[in-house]
Amino acid sequence: MRIGILGTGPMTTALGARLVRAGHEVVIGSREQARARSLSADIGAAGAGDYRFAARADVVIVALRDTEVLQIVESLGDILAGSVVIDLNNPLDPPWFESRYAGAESLAERLAGVAPGARVVKAFNTVYAEWLADGAEARFPAVQVFLASDDEGAKDAVAALVRQIGAEPVDVGPLRTARQLESLAGLEVALVDRGYAPYVGFRLVAGLDASPTAGATS
Ligand SMILES: NC(=O)c1ccc[n+]([C@@H]2O[C@H](COP(=O)([O-])OP(=O)(O)OC[C@H]3O[C@@H](n4cnc5c(N)ncnc54)[C@H](OP(=O)(O)O)[C@@H]3O)[C@@H](O)[C@H]2O)c1
């Protein structure tokens, strides 16, 4: 599958390398094409160019400076129609790392609004790049990737990608749930900022039995 990634930051490096290893045709887009070419060579990607070049793909991962996301995606709107678009960006501001949009539409919903026809899935936003980096499988617990989307087909496609890179997809609901995912990422960044650990992540622990007496012995 052809997967375009916009941006050349740590998430592109880590996720791009894993997707290349899973056998996908990964292409990278950057404001500076030389930077995209260099990263592409580093991770064994199939091509590099500007954002418009990388946006011509079956799946497009938007991995941009969060303050720039909406403007850049809006400029690509015509190209993104019909593609699965993964939004992993977190609209968080220091010092508290609360969502910039708390109580209102999430960044993911706004992204869907500026790219009509794009099949937007919120995913990977609660996963630190370091958890996806080379060798991380041996150092960290298995990663769960929370998925929120109104497009069930797009969600299934992203879930398949998540499994292919050795992580576990968790369907958390419609795209509106991205509001909570963006806040969850804010809690992670706040904990790291307070020195709790260099990287943190959340796993979903589901009850096996709703009965209050489950597990009790008489
Ligand atoms: N790092 C993590 O662990 C992590 C985890 C989960 C989610 N996220 C989210 O993932 C997104 C990407 O994060 P990241 O840490 O990989 O990289 P980042 O440092 O936030 O930057 C990503 C890319 O944005 C592009 N960009 C476009 N306009 C820019 C501008 N005005 N200033 C700076 N960069 C600009 C740059 O690529 P080009 O200049 O090459 O185009 C840059 O490499 C963010 O929205 C973040 O909230 C990050």
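Predicted model: local features only at pLDDT ≥ 70, side-chain atom pairs only at ≥ 80, totals over all residues.
A pocket is an open set of points on a 1 Å grid over the protein atoms alone, where a 1.4 Å probe fits, with protein on both sides within 12 Å along at least five of seven lines.

Residues are numbered from 1 along each chain as its sequence is written, and side-chain values use heavy atoms, with hydrogens and water left out. Local features need pLDDT of at least 70 and side-chain atom pairs count only at pLDDT 80 or more, while totals for chains, interfaces and linings use all residues.

The lining of the largest pocket holds 30 residues, and Pro10, Met11, Leu64, Arg65 and Asp66 lie nearest the centre; a lining residue has an atom within 4 Å of a point. By type, the lining divides into 15 nonpolar, eight polar and seven charged residues, with Gly counted as polar. Helices α1 (10-21), α7 (129-132) and α10 (178-193) each supply at least two residues of this lining. Helices are DSSP runs (H or I, at least four residues) and strands are runs of E (at least two), numbered from the N terminus.

In α9, the residues Ala154, Lys155, Val158, Ala159, Leu161 and Val162 are buried (under 20% relative accessible area with a 1.4 Å probe, protein chains only; exposed is over 50%). These residues cover an arc of only 160° around the axis, so they are on the same side of α9; the arc is that of the directions from the helix axis to the C-beta atoms. Asp156 and Arg163 are exposed, on the face of α9 turned away from its buried side. At the start of α9, a side-chain oxygen of Asp151 comes within 3.1 Å of the backbone nitrogen of Gly153. After α9 comes Gly166, with a positive phi near 85°.

In α10, the buried residues are Ala178, Leu181, Glu182, Ala185, Gly186, Glu188 and Ala190. The backbone oxygen of Leu181 is 3.0 Å from a polar side-chain atom of Asn125. Asn125 sits in the loop between β8 (119-122) and α7 and counts as buried because its relative accessibility is 4%. Gly195, which follows α10, has a positive phi near 85°.

Terms used:
Polar contact = N/O pair within 3.5 Å; in protein donor to acceptor, adjacent residues only side chain to side chain.
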